Amino acid sequence: MSEKDSPYRTPSDRPVTIRADRLSKIYGQFAALHDVSFEVRKGTVAAFLGPNGAGKSTTMKILTGFSSPTSGRAEVLGIDPSDADTRIELARRLGYLPESGPLYRDMTPQESLEFVASIRKLDGSAKRIDDVVSRCAIGEVLHKPIDKLSKGFRQRVGMAQALLHDPEVLILDEPTSGLDPLQIREVRALIRELGQEKTILLSTHILQEVEAVADDVVFVYNGKIVFAGSKDELLESGSIEDRFYDLTEGKKQTNTKKGAA
Amino acid sequence: MMGIDLGVVSAVFRKDMRQYLGNPTGYVFLTLFIATTAAAAFLQDGFFARNLADLAELNAMMPAILMFFVPAITMGAWAEERRGGTDELLLTMPVRDVEVVLGKYLGVLGMYAISLAFSLSNVGVLMYLGDPDTGLMASTYLGYLLMGALFCAIGLVASMLTKNATVAFILGALGCAGLVFAGTQPWASGLLGAALVGAAAALTTFALTNKGSAAGIGGLVGGLAATFAWLVAGRGSETATETETATEAGAEAATEVGADALRDGNSFADLFDALSVTDHVASFGEGVVRLGDVLYFAGGIAVLLYLASFLLGRRHW
């Protein structure tokens with residue numbers, strides 16, 4: 001299947017910001033990703049949906065340049081993230097929240113943000129820090145060790161770090177995992193607000209999240225794309241929950257039948 | 001590869017220094033280091049018996065002390081980043097691998113340099129007891145600094161190999177021990193040689209095939225071949241050149257070959273005697289700074305830091 005007749009194409013005339021072109025990642029004998037292709041267009045919020053272990057984080061690590069694909073090509077803002085030299089330029093324009101929001105736990109949020117600002121060499125870093133602190137509502141914990149913060153605050157510190165340089169593209173790996181309902185609501189509101197001006201790819205296995213924030217959906221299962229299109233398209237043929245089971249359990253059954261035959 | 005951004009190096013360095021000095025472990029470490037070096041220098045019969053204001057007793061012990069202390073500084077340097085997932089945060093910012101490696105290296109080296117500066121108290125004791133030679137003290141401490149700097153690079157490589165800080169400590173200490181014992185013990189030179197040939201074989205295989213599993217097999221084969229060269233062939237060539245009787249008794253000797261290789265005069269092990277850190281640091285303790293010794297340390301550090309940035313790229317495999 002060539003790129004042109006790929007069915008996985010968002011029906012939109014906006015330029016493509018994130019492109020995965022037949023990405024595969026193989027660890028030893030295990031294929032974490034198999035021929036994954038999709039596009040995210042400028043200014044959209046795309047949900048990268050799939051059960052745990054489907055290959056979402058692997059894809060995000062490739063898109064952010066942390067890891068490289070075994071084959072295939074990724075492109076974000078027209079830049080290949082696995083090219084060591086151009087990746088630097090991409091990193092300046094990309095914000096990334098890795099899975100489970102890793103942070104330097106012995107720092108305070110203030111120190112952590114200052115560290116990111118110094119690595120990124122941001123002008124007027126004090127003002128930028130003020131800005132993300134109020135945006136992510138972490139003012140009250142700014143000088144407490146991150147180790148002592150609740151998971152909700154830690155996740156928001158991670159968001160603040162990802163937003164500090166005002167990136168054009170945000171890649172968020174399970175931004176609401178482990179949060180309580182109130183915090184989830186706040187983070188989703190923040191994502192919707194950011195989605196007005198930025199391109200966002202966020203991974204999730206929570207169906208409500210897709211309904212709440214996404215314009216487009218990329219559905220990955222067992223390392224393969226099973227659906228990519230707009231949210232409305234996904235919902236055309238029934239509830240999102242039914243579609244989820246069709247695309248995962250349903251697949252499994254056909255696979256088993258194939259295996260038996 | 002383009003130039004190195006010193007701003008990034010410095011940001012990583014400052015973060016790590018703050019981490020080392022911002023928690024109690026750093027100070028426990030400092031105190032232990034001062035106490036251990038002082039004990040090694042002065043709580044020895046030889047020091048008072050010789051009646052000389054120098055650090056000869058400490059010089060003899062320093063390689064052994066550093067082979068445990070330095071890996072204790074370096075063990076968490078990268079292993080902790082990987083365990084906490086912060087490596088992903090750091091390496092997806094606008095940084096190059098080599099800048100991160102340099103920042104990390106300067107961080108551990110900075111912590112070691114601070115410890116060493118505090119241990120200058122030992123020189124203070126000498127000045128109180130007698131009149132130590134300033135030049136000798138300077139060269140002795142330069143030797144300590146270079147030896148520690150080499151061990152820091154070994155420890156950093158060890159920390160890159162695992163997520164587990166304890167394993168990183170053990171690997172680091174083993175790596176340092178290889179250099180400390182090489183040249184003083186024939187078995188150590190042989191072991192170090194076999195390990196180095198194995199590692200070189202693994203890297204070469206990786207460069208050729210680009211596969212982690214093949215590199216493992218290549219390393220194993222290289223290591224075994226080197227062990228063979230050391231235990232069997234090394235002994236054999238020596239037998240041939242030295243005595244004819246030994247050749248005649250070859251059949252009997254073959255059974256004892258392994259044991260013989262552990263004694264002196266093994267051609268394979270001799271090759272690696274030159275890597276002995278103990279030999280290279282010795283002249284510093286006598287007040288002599290040799291260019292060859294300085295190059296040995298500088299070269300070793302450069303090779304190890306290159307290896308560290310190569311290992312950092314492993315995440316792409």
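At what angle do helix α9 (residues 134-160) of chain B and helix α10 (residues 165-181) of chain B pack, and how far apart are their axes? The legends below begin with that pair.

This is a predicted model, in which local features need pLDDT of at least 70 and side-chain atom pairs count only at pLDDT 80 or more, while totals for chains, interfaces and linings use all residues. Residues are numbered from 1 along each chain as its sequence is written, and chains are lettered from A and ligands numbered from 1 in the order in which they are written.

**View 1. Packing of α9(B) on α10(B).** The two helices pack at an angle of about 140°, and their axes lie 8 Å apart. This makes α9(B) oblique to α10(B). Axes are lines fitted to C-alpha atoms, for helices over the stretch in contact, and angles run from 0 to 180 degrees between N-to-C directions. Angles under 35 degrees count as roughly parallel, over 145 as roughly antiparallel, 65 to 115 as roughly perpendicular and the rest as oblique. Helices (H or I, at least four residues) and strands (E, at least two) are DSSP runs, numbered from the N terminus.

**View 2. Residues between α9(B) and α10(B).** From α9(B), B:Phe151, B:Ile154, B:Gly155, B:Ala158 and B:Ser159 meet B:Ala168, B:Leu171, B:Gly172, B:Gly175 and B:Cys176 of α10(B). By class, this contact has six nonpolar, four polar and no charged residues. Contact requires C-beta atoms, placed from the backbone, within 7 Å. Ala, Val, Leu, Ile, Met, Phe, Trp, Tyr, Cys and Pro count as nonpolar, Asp, Glu, Lys and Arg as charged, and the others, Gly among them, as polar.

**View 3. Domain 1 against domain 2 in chain B.** The domain assignment, automatic or from a database, gives domain 1 (1-182 + 277-317) and domain 2 (183-275). Seven residues of domain 1 are in contact with 12 residues of domain 2. On the domain 1 side, α10(B) gives the most, with three residues. That side has four nonpolar, two polar and one charged residues.

**View 4. Chain B against chain A.** The contact takes 22 residues from chain B and 24 residues from chain A. On the chain B side, α1 (6-21) and α6 (86-91) each supply at least two residues, and the largest share, five residues, comes from α1(B). The chain B side divides into eight nonpolar, 10 polar and four charged residues.

**View 5. Residues 237-259 of chain B.** Over this stretch pLDDT, the predictor's confidence in each residue from 0 to 100, stays under 50. Where pLDDT is low, the predicted coordinates should not be read in detail.

Key: Contact = placed C-beta atoms within 7 Å.
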